[in-house]
Amino acid sequence: MNCKNCNEILEIDAHFCDNCGAKVIKNRISLRFLLGELFASMGFESLYFTTLKGMFFTPHGVIKEYLEGVRKRYVNPFAYLALGAALALIIFNYFSEDYLKVQATFNKDQIEELKKTANNDLSTIKNITEKDFIKLKGKQESAKAQLNFIESWSQFLLRYFNLAAFLFLPFYALVSKLTYYKPHNYGEHIVINAYIQGTTMYVTIICFLLSIVIHPRFFSISIVFVILYYLYTLGKIYSYSFKKSVIKFFKFIGVLLLLLIPIMVIGVIIGIIIAVKNNL
């Protein structure tokens, strides 16, 4: 057998050409081969799987070592998050109809109530004062705005899930910094959250695929995992007892909700403005 690059005679069990150094290719191009080439070209073929394995079994160990300066053993946290988010984006878009159905299962009863209010024909209501009619009209516009916001948000995640992951990274880092404020600075909290979110991407993907096969509500299991994973990882990083970890995590949720409320209010206001403009 000769080398396909320089035509040098090769030994039967040779993996590389002694003359030009080219890798000996014996098999056809496959998806597995292309993924291997992608990882190799990015320089983290083995690093990626080492990081992924570590983040599932000893996440606190990976994060602590990276923060302490062990950088060549693990993939950069941003590359780790980017790959997980990109894979999620591909799968969600491939099963786009199923993704939207799964998203619709969250707060299903609330959404149905909003649809009922939004589609209510106010012209059929009799014996009502002008003041009460204005209130009903306002509730209807508000319901339309909320439905518009929910639909727009689902479409945004479907198209730009990877972008959303990076947009929310500084936000989650701020929440964890305000909760677990010592000894890490804000930049270190960004690293911590990048690794944690990068790992939860894979569980989200698995739960999403299972929700298609089993039941749409199965997707909610990924939320439970994210909560437990955050609780476990941050508790281990800060060497907290179980009780203190739970207390800190509830503080984390509290800070998260406090920061989310103004964002949601702004989103609803924007939705109302859009709904009003569309009706003019």
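**Exercise 1. The chain as a whole**

What percentage of the 280 residues of the chain count as buried? Work it out, then describe the fold's elements and contacts.

*Solution.* Keep in mind that this is a predicted model.

- Step 1: Buried residues make up 34% of the 280 in the chain.
- Step 2: Turning to secondary structure, the chain has 10 helices and 0 strands. Its pattern along the sequence is therefore written α-α-α-α-α-α-α-α-α-α.
- Step 3: Now take the contacts between residues at least 6 apart in sequence: 66% of them join residues at least 24 apart.

**Exercise 2. Helices α4 and α7**

Find how the axes of α4 and α7 are placed, and sort the residues where the two helices touch.

*Solution.* Two packed helices are described by the angle between their axes and the distance between the axes, and that gives us a starting point.

- Step 1: Helix α4 covers residues 77-94 and helix α7 residues 130-179; their axes come within 8 Å and cross at roughly 160°.
- Step 2: Angles over 145 degrees count as roughly antiparallel, so α4 is roughly antiparallel to α7.
- Step 3: The crossing is right-handed.
- Step 4: On the α4 side, the contact includes F78, L81, A82, A85 and F92. On the α7 side, residues including R159, Y160, F161 and F166 take part.
- Step 5: Sorted by class, the contact residues of α4 and α7 give 15 nonpolar, 2 polar and 1 charged.

**Exercise 3. Helices α8 and α9**

Repeat the analysis for α8 and α9, and give the number of charged residues in their contact.

- Step 1: The axes of α8 (residues 186-213) and α9 (residues 221-237) come within 10 Å, crossing at roughly 150°.
- Step 2: That angle makes α8 roughly antiparallel to α9.
- Step 3: α8 passes α9 in a right-handed crossing.
- Step 4: Among the contributors from α8 are I192, N193, I196, T200 and C207; those from α9 include I221, F225, Y229, Y230 and I237.
- Step 5: The contact of α8 with α9 has 11 nonpolar residues, 7 polar and no charged.

**Exercise 4. Two cysteines**

Classify C6 and C207 as buried, partly exposed or exposed, and count the disulfides.

*Solution.* The cut-offs do the work: buried means under 20% relative accessible area, and exposed means over 50%.

- Step 1: C6 has 30% relative accessibility, so C6 is partly exposed.
- Step 2: C207 has a relative accessible area of 7%, which means C207 is buried.
- Step 3: A disulfide is a covalent bond between the sulfur atoms of two cysteines. The structure holds 0 of them.

Terms used: Residues numbered from 1 in each chain as written. Predicted model: local features only at pLDDT ≥ 70, side-chain atom pairs only at ≥ 80, totals over all residues. Heavy atoms only, no water. Axes fitted to C-alpha atoms, helices over the stretch in contact; angles between N-to-C directions. Helix = DSSP H or I, 4+ residues; strand = E, 2+ residues; numbered from the N terminus. Parallel < 35°, antiparallel > 145°, perpendicular 65-115°, else oblique. Left-handed = near helix turned anticlockwise from the far one by under 90°. Contact = heavy atoms within 4.5 Å. Nonpolar A, V, L, I, M, F, W, Y, C, P; charged D, E, K, R; others polar. Disulfide = S-S within 2.5 Å. Buried < 20%, exposed > 50% of the residue type's maximum accessible area, 1.4 Å probe, protein only.
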